[in-house]
Amino acid sequence: MSDILGYKGKRVVVSGCFSGMGHAVAKMLIDLGAEVHGLDFKQCDLPLASFNMIDLRDPESIEHAAAHIGGKIDALFNCAGLPNAFPAMDVMKVNFIGLRHLTEQLLPKMGAGAGIANIASTGGLGWSRRIPDNMAFVTTKGWDAAIAWCEANKDTVSEGYAFSKENVIVWTQFMGAQLIKKGIRINCTLPSPTQTPMMKAFHESSGKDVVDAAAEPMGRYSTPEEQAGGLVLLNSRLASIVNGVVFPVDGGFMGALATGQIDIAKLMGGKKQG
Ligand SMILES: NC(=O)c1ccc[n+]([C@@H]2O[C@H](COP(=O)([O-])OP(=O)(O)OC[C@H]3O[C@@H](n4cnc5c(N)ncnc54)[C@H](O)[C@@H]3O)[C@@H](O)[C@H]2O)c1
């Protein structure tokens, strides 16, 4: 089998491998010949090289799992996430604070040529209007400082989902300029609505009409495998100079939005644009 993506024999780590996009990423990487180490707080059914139970709300469990994987790591896929149906601090921990902590634990095992792919969301598209808040938070040092910042800025954190996804976007761009000095790349994706177990929570919190509006112009939700394709591409050797990028995997949503072809009123759920 040709190995144009360069994953054959590579040691890769996937968080969120129990379901949805993380499960699809792990499966695709196994098919591509990688040695896949999975992390989740629910057991994964795939034939992984190793599986470690991890709770991204708990720094000790993250440290324990990272130490357990050992050895050199070629790629990290941060796919675990929580929707805003959960308490704001749980959402902040899983979607950003835990994601950052896991990445920091694994970075010493990564060298030149390694890649990190994170999943953000169109829910974090407000990032460019709040760069100072995002930078103040994402550059806090360590777990306790991040928690303390959230406690002191509850209005900014709000329900957690939007701010945590802004954090992923801003931190990815910030770290892109830092890690490339060591030859390590970091990017994130902006998925369009995707048919995963999380979709039920999005329908309940935002309403199906709003989610459907974000599925234009393609007119359908994406599949976890299509999202996995974008993530696997970003960490592949084909993307060797792609770094610090916020990569839409959305069938053209961002382009349609930028050129006025999306029904903003529908997208805002009937609310006026703020
Ligand atoms: N589905 C969508 O339409 C959509 C759109 C934009 C962004 N996203 C993002 O994509 C990512 C993947 O979500 P998905 O749609 O595949 O949903 P999913 O619910 O299928 O997958 C989420 C995974 O995260 C794991 N997880 C949750 N809490 C955890 C914790 N405390 N510790 C460890 N693992 C934990 C779950 O067990 C699950 O395997 C998330 O970051 C989500 O915010 C999803």
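## The shell around the ligand

The shell around the ligand consists of 18 nonpolar, eight polar and four charged residues. Here Ala, Val, Leu, Ile, Met, Phe, Trp, Tyr, Cys and Pro count as nonpolar, Asp, Glu, Lys and Arg as charged, and the others, Gly among them, as polar. The model is predicted: local features need pLDDT of at least 70, side-chain atom pairs count only at pLDDT 80 or more, and totals for chains, interfaces and linings use all residues. Residues are numbered from 1 along each chain as its sequence is written, and side-chain values use heavy atoms, with hydrogens and water left out.

Of the 30 residues around the ligand (a heavy atom within 4 Å), the nearest are S19, D40, Y161, T194 and T196.

## Polar contacts and cover

Polar contacts here are pairs of N or O atoms within 3.5 Å. A ligand nitrogen atom lies 3.0 Å from a side-chain N or O atom of D55. Polar backbone atoms also take part: one of I54 is 3.4 Å from a nitrogen atom of the ligand, and one of G81 is 3.3 Å from an oxygen atom of the ligand.

On its own the ligand has 830 Å² of accessible area, and the protein covers 95% of this (Shrake-Rupley method, 1.4 Å probe). The elements giving two or more residues to the shell are α1 (20–31), α7 and α8 (199–206); helices are DSSP runs of H or I with at least four residues, numbered from the N terminus.

## Helices α4 and α7

Helix α7 (residues 161–179) also packs against helix α4 (residues 131–138), at an angle of about 75° and with the axes 9 Å apart. Axes are lines fitted to C-alpha atoms over the stretch in contact, and angles run from 0 to 180 degrees between N-to-C directions. The two helices are therefore roughly perpendicular, a term for angles of 65 to 115 degrees.

Technical notes. Parallel < 35°, antiparallel > 145°, perpendicular 65-115°, else oblique. Polar contact = N/O pair within 3.5 Å; in protein donor to acceptor, adjacent residues only side chain to side chain.
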